[in-house]
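Hello,

Please find the structure below. My notes on it follow.

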Amino acid sequence: MCSMRTEIMLFWVVNMIRVISPATSANLGPGFDVIAVALERPEDSMEFCEIDEGIEIEVKGYSVPVSPEKNIAGIVANKMLGDFKIERGVRISLNKGIRPMSGLGSSAASSTGTVIGISELFGISMNRDKLLEYSLIGEKATSGSFHADNISACLLGGLTIALSEPLKAFRFDVASSIDYVAVLPDVEVNTREARKILPKKITLRKYSSNLARACLLVRALEEGDFKKLNIAYEDNLITPLRSKLVPFYYELKREALSTGAEAFFISGSGPATLSLLNREKVDARDLAEHLKSFYLNKGIEAEIYWGKIGEGTRVT
């Protein structure tokens with residue numbers, strides 16, 4: 001049971017914090033390791049209860065390790081309890097709604113949710129930079145590298161730009177006319193392995209082309225300018241290499257664009273994909289169901305999610 005504290009004789013207050021962490025879609029088009037968005041769904045929910053000592057983890061939903069030494073939430077919690085000299089323990093109840101190895105920021109949700117939960121539970125005051133710094137601990141444990149795109153969107157919501165050196169994150173609002181569809185086929189992509197196929201060198205021409213598109217992408221999403229978005233979403237550096245990690249990627253892309261999507265991306269390192277659409281012209285659910293049928297016709301099960309660009313991690 002959660003630790004309880006007595007308040008004025010007759011009242012018992014449970015020292016518990018509940019946190020919701022959204023899925024995220026990062027590496028957005030030309031914005032590799034930089035540009036990401038938060039999604040309305042799926043999401044993780046976490047409850048943090050103070051206990052006498054140690055770290056205990058309970059898991060529902062998608063399967064992840066319950067050992068604190070192997071679970072991202074446990075790794076982050078252990079680091080925070082030690083760094084801030086907290087002489088108590090914590091029980092973490094995780095309802096894992098974001099599938100691991102999906103390309104939808106599962107590790108970022110666990111990591112960022114834990115940072116918010118522990119800081120709220122024990123009254124640790126942290127500015128945005130510190131929240132990012134501790135959230136990165138979980139991402140490093142998963143991918144073997146420090147990239148702040150997923151955790152930035154998970155923490156702040158909306159559209160985010162992440163800097164690694166110095167570690168900073170900036171939020172931008174996305175036009176209300178833009179909806180998304182995320183399609184997750186029944187295959188897994190390990191982020192650490194996916195990073196091994198990244199190019200070691202790129203040409204200056206390809207670099208400048210991607211940089212221009214990334215700048216335009218942010219503006220297009222802010223303004224809801226679909227003509228700009230049609231140009232900005234393409235990526236000529238990472239997508240050609242990672243497309244093989246997504247079943248029938250180019251066929252699915254053609255299907256999405258021909259059915260109303262204005263832009264189409266690999267989400268994270270895959271296998272999920274993200275379509276952006278004009279909600280005034282296309283029904284997101286209809287597009288989602290159509291793309292799911294595409295995979296079913298190929299003999300592949302798929303999960304679908306749709307909605308608006310979402311908010312960041314929150315205490316409920």
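This is a predicted model: local features need pLDDT of at least 70, side-chain atom pairs count only at pLDDT 80 or more; totals for chains, interfaces and linings use all residues.

Residues are numbered from 1 along each chain as its sequence is written, and side-chain values use heavy atoms, leaving out hydrogens and water.

Helix α2 spans residues 106–121 and has 16 residues. Helices here are DSSP runs of H or I with at least four residues, and strands are runs of E with at least two, numbered from the N terminus. From first C-alpha to last, α2 reaches 22 Å, close to the 22 Å expected at 1.5 Å a residue, where the expected span is 1.5 Å times one less than the number of residues. Of its 16 residues, 15 are buried (under 20% relative accessible area, with a 1.4 Å probe and protein chains only). Just after α2, Gly123 has a positive phi of about 65°.

The axes of α2 and helix α4 (residues 149–156) come within 9 Å and cross at roughly 50°; axes are lines fitted to C-alpha atoms over the stretch in contact, with angles from 0 to 180 degrees between N-to-C directions. Ala108, Ala109, Thr112 and Ile116 of α2 make the contact with Asn150, Ile151, Cys154 and Leu155 of α4 (heavy atoms within 4.5 Å).

Gly310 lies in the loop between β12 (302–308) and β13 (314–315). Gly310 is buried, at a relative accessible area of 4%. Leaving aside residues up to four places away in sequence, Gly310 touches Ala38, Leu39, Glu40, Gly157 and Gly158.

Regards

Notes: Buried means under 20% relative accessible area, exposed over 50%, partly exposed in between (1.4 Å probe, protein chains only).
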